[in-house]
Amino acid sequence: MTMIDPKAVLSKVTPTPFKENNLSPKEKKDKIAHLFTEIMETLGLDLSDDSLKETPLRVAKMYVDEVFYGLETASFPKITLVENKFDYDHSVIEVNIVTNSHCEHHFVPIIGKTHIAYIPNKKVLGLSKLNRIVDYFAKRPQIQERLTLQIHQALVTILETQNVAVVTDAMHACVKTRGIKDVTSMTRTSKLSGVFIQDSSHRFEFMSAIPRVQEVVY
Ligand SMILES: [Zn+2]
């Protein structure tokens, strides 16, 4: 079994704009709770109301512990690989991986599914690790294009092969509930490399295994 070093993977991945501020998770929550109190008071809300008074701390905990833990290197999933002793040399395809993120322009949800294919080189990855890698990068403020690239680059690095394909289908709350208010549109982003680009039979096998974009059910 090989253990993966998160820093080695993250150094190969398109960075999320990030500046280390050296605040602990507790310090981050205290600061966000304080600042969110100001946002709510600025909106004219009465924080002495018993339904509202815990909201700033609830939002702070949600940001740090639940929806943005992918900003912490320490939260990167523990990944072990096993030798491909059986010389498996066809596609491994996993579809409909839950991909719940937040748009970095409006801080509202992106709700989607990611579909992945790879052809093992010398090592294979536990299937649930694909889900964990998707979840880690989804738990950052994101744009869908970067999210797909980060997942792809992490897998290329971990699996030591270019034979990786990633497609993400998602709906954006910021498109649905504000601005253009388009309730039906969906967005697909993809990054294919290695045989998935060079060989149409591999590409066809993957693309025909994944749901059509309008068939993705949330
Ligand atoms: Zn947005």
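A crossing is left-handed if the near helix is turned anticlockwise from the far one by less than a right angle, and right-handed if clockwise. By that rule, α2 passes α3 in a right-handed crossing. Please keep in mind that this is a predicted model, in which local features need pLDDT of at least 70 and side-chain atom pairs count only at pLDDT 80 or more, while totals for chains, interfaces and linings use all residues. Residue numbers start from 1 along each chain, as its sequence is written. Helices (H or I, at least four residues) and strands (E, at least two) are DSSP runs, numbered from the N terminus.

**Two domains**

- The domain assignment of the protein chain gives domain 1 as 1-10 + 17-76 and domain 2 as 82-215; such bounds come from an automatic or database domain assignment.
- The centres of domain 1 and domain 2, taken over C-alpha atoms, are 26 Å apart.
- Domain 1 brings 11 residues to the contact and domain 2 brings 12 residues; two residues are in contact if their C-beta atoms, placed from the backbone, lie within 7 Å.
- On the side of domain 1 that touches domain 2, eight residues are nonpolar, three are polar and none is charged. Here Ala, Val, Leu, Ile, Met, Phe, Trp, Tyr, Cys and Pro count as nonpolar, Asp, Glu, Lys and Arg as charged, and the others, Gly among them, as polar.

**Helix α2 with helix α3**

- Helix α2 (residues 25-42) packs with helix α3 (residues 55-67) at an angle of about 135°, and their axes are 8 Å apart. Axes are lines fitted to C-alpha atoms, for helices over the stretch in contact, and angles run from 0 to 180 degrees between N-to-C directions.
- This angle makes α2 oblique to α3; angles under 35 degrees count as roughly parallel, over 145 as roughly antiparallel, 65 to 115 as roughly perpendicular and the rest as oblique.
- From α2, the contact residues include P25, I32, F36 and M40, and from α3 they include T55, L57, V59 and Y63.
- Sorted by class, the contact of α2 with α3 has 11 nonpolar, two polar and three charged residues.

**Helix α4 with helix α5**

- Helix α4 (residues 127-138) and helix α5 (residues 144-159) pack with axes 9 Å apart, at an angle of about 140°.
- That angle makes α4 oblique to α5, and the crossing of α4 and α5 is right-handed.
- α4 contributes I133, V134, F137 and A138 to the contact, while α5 contributes L147, Q150, I151, A154 and L155.
- In this contact of α4 with α5, eight residues are nonpolar, one is polar and none is charged.

**The three-stranded sheet**

- Three strands form an open sheet in the order β1-β2-β5, with antiparallel pairing; two strands pair if DSSP finds at least two bridges between them.
- At the edges are β1 (2-3) and β5 (123-125), each pairing on one side only.
- β1 and β2 run antiparallel and are joined by two bridges, and the bridge partner of T2 in β2 is L81.
- Strand β2 (residues 80-83) is joined to β5 by three bridges, also running antiparallel.
- V82 stands opposite V124 in β5, and L81 stands opposite L125 in β5.

**The five-stranded sheet**

- Another open sheet has five strands in the order β6-β3-β4-β7-β8, with mixed pairing.
- Its edge strands are β6 (141-142) and β8 (187-192), and each pairs on one side only.
- Nine bridges pair strand β4 (residues 109-118) with strand β7 (residues 164-172) in the antiparallel sense, and I111 stands opposite M171 in β7.
- α5 lies across β3 (92-103), β4, β6, β7 and β8, and runs at about 155° to β7.
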